[in-house]
Amino acid sequence: MRTQLPEREHPTTDQDRRAPPAPRTVLREDTTRPAALVMHEVTKVYDGAVAALDRVSLHVSRGSFLAVAGGAGSGKSTLLHCASGLDSPTSGEVRVGGTEIAGLDESQRSMLRRGRIGFVFEAYNLLPSLTVEENITLPLRLSGGAADRRWLRDLVERVGLGRVLQQRPGDLSGGGRQRAALARALAVRPEVVFADEPTGALDPDTGAEVLDLLREVVDELGQTVVMVTRDPNAAARAHAAAVLADGRVDRYCSRPSSGEIAGHLARPRRR
Ligand SMILES: Nc1ncnc2c1ncn2[C@@H]1O[C@H](COP(=O)(O)OP(=O)(O)O)[C@@H](O)[C@H]1O
Ligand SMILES: [Mg+2]
């Protein structure tokens, strides 16, 4: 049987009243500019048990660079897979350039990925038997899109690979391979480039060069980049950072600093 609380324990002022639960939706981004990517209340549950993403909402404006920072297992790769059509969410909405992709079947998602999305992975994922040039132009051949020769030439110059186009990825340093992977991601002029720990396998100086390039393609070429990372220094190169903890957006920082991100990663709000 429930007992009535003594009168003095009832809240008497607004301050005494318990605050309502924090909303799961974090939408403090600039939503006035056209969106390259919108995620609304996206949840991903694996095997009916593990909620790798829990009602994640994000708005990424065209021509902006968002970092999603989080520790191991916080849901970064899952977020990226659901946002890019590599996987489909359990519930929620994902829009890439206005197209709702959460409900697409695998072949439709595959078409979207080929023609409208670029990927950069930690392990580069270049094909070792193809030349650097063939790797860079592979997405164009797969999507059947017409090659924009001038765009490709500018891209190759920008990533500094003009002299090694006929070499194989195995002949390049880690930084060179990641720069080739970035050029490949941009070949189709995608609506969004998704990068999963793009500097995870690189030494700090080489990683910084790759981050400078990512920032450059946003600021100078108007591309949109969403990068997931556990490295606060990498996150600080983005225009904004969402901090992920236990599959939820824990904070949203505009103009993040590495110290701020490191602090949030060390002390997540929701545990
Ligand atoms: N295919 C999968 N099947 C079951 N659980 C998974 C799968 N992929 C990821 N997870 C779980 O989901 C959570 C988030 O994983 P992930 O997105 O890979 O995190 P991060 O990239 O931040 O390290 C983890 O608990 C992980 O074990
Ligand atoms: Mg991961």
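Two strands are taken to pair if DSSP finds at least two bridges between them. Helices (H or I, at least four residues) and strands (E, at least two) are DSSP runs, numbered from the N terminus. The structure is a predicted model, in which local features need pLDDT of at least 70 and side-chain atom pairs count only at pLDDT 80 or more, while totals for chains, interfaces and linings use all residues. Residues are numbered from 1 along each chain as its sequence is written, and chains are lettered from A and ligands numbered from 1 in the order in which they are written.

An open sheet is formed by 6 strands in the order S6-S7-S8-S3-S9-S10, with mixed pairing. Strand S6 (117-121) and strand S10 (248-254) are its edge strands, each pairing on one side only. On average, neighbouring strands of this sheet are turned by 20° against each other, direction ignored. Axes are lines fitted to C-alpha atoms, for helices over the stretch in contact, and angles run from 0 to 180 degrees between N-to-C directions. Within the sheet, strand S3 (residues 65-70) pairs with strand S8 (residues 225-229) in the parallel sense over 5 bridges; the bridge partner of Ala69 in S8 is Thr229. Helix H6 packs on this sheet, where H6 touches S3, strand S7 (192-196) and S8, and the direction of H6 makes about 155° with that of S8. Residues count as in contact if their C-beta atoms, placed from the backbone, lie within 7 Å.

A further open sheet has 4 strands in the order S2-S1-S4-S5, with antiparallel pairing. S2 and strand S5 (99-100) each have a single partner strand and stand at the edges, so one side of each lacks a neighbour in the sheet. Strand S1 (residues 35-46) is paired with S2 in the antiparallel sense over 8 bridges, and Ser61 in S2 is the bridge partner of Ala35.

Helix H5 (residues 174-186) is in contact with two helices, H3 and H6. The axes of H5 and helix H3 (residues 132-143) come within 6 Å and cross at roughly 30°, which makes the two roughly parallel (angles under 35 degrees count as roughly parallel, over 145 as roughly antiparallel, 65 to 115 as roughly perpendicular and the rest as oblique). Their crossing is right-handed, that is, the near helix is turned clockwise from the far one by less than a right angle. From H3, Val132, Asn135, Ile136, Leu138 and Pro139 meet Ala180, Ala183 and Arg184 of H5. This contact comprises 6 nonpolar residues, 1 polar and 1 charged, where Ala, Val, Leu, Ile, Met, Phe, Trp, Tyr, Cys and Pro count as nonpolar, Asp, Glu, Lys and Arg as charged, and the others, Gly among them, as polar.

The axes of H5 and helix H6 (residues 204-219) come within 9 Å and cross at roughly 15°, so H5 is roughly parallel to H6. This crossing is also right-handed. Gly174, Gly175, Gln178, Arg179, Leu182 and Leu186 in H5 meet residues of H6, namely Thr206, Glu209, Val210, Leu213 and Val217. The contact of H5 with H6 divides into 5 nonpolar, 4 polar and 2 charged residues.

Around ligand 1 lie Tyr46, Asp47, Val50, Ala52, Gly70, Ala72, Gly73, Ser74, Gly75, Lys76, Ser77 and Thr78, a residue being near the ligand if its C-beta atom, placed from the backbone, lies within 6 Å of it. Strand S2 (50-61) and helix H1 (76-84) each supply at least two residues of this shell, and H1 gives the largest share, 3 residues. By class, the shell has 4 nonpolar, 6 polar and 2 charged residues.
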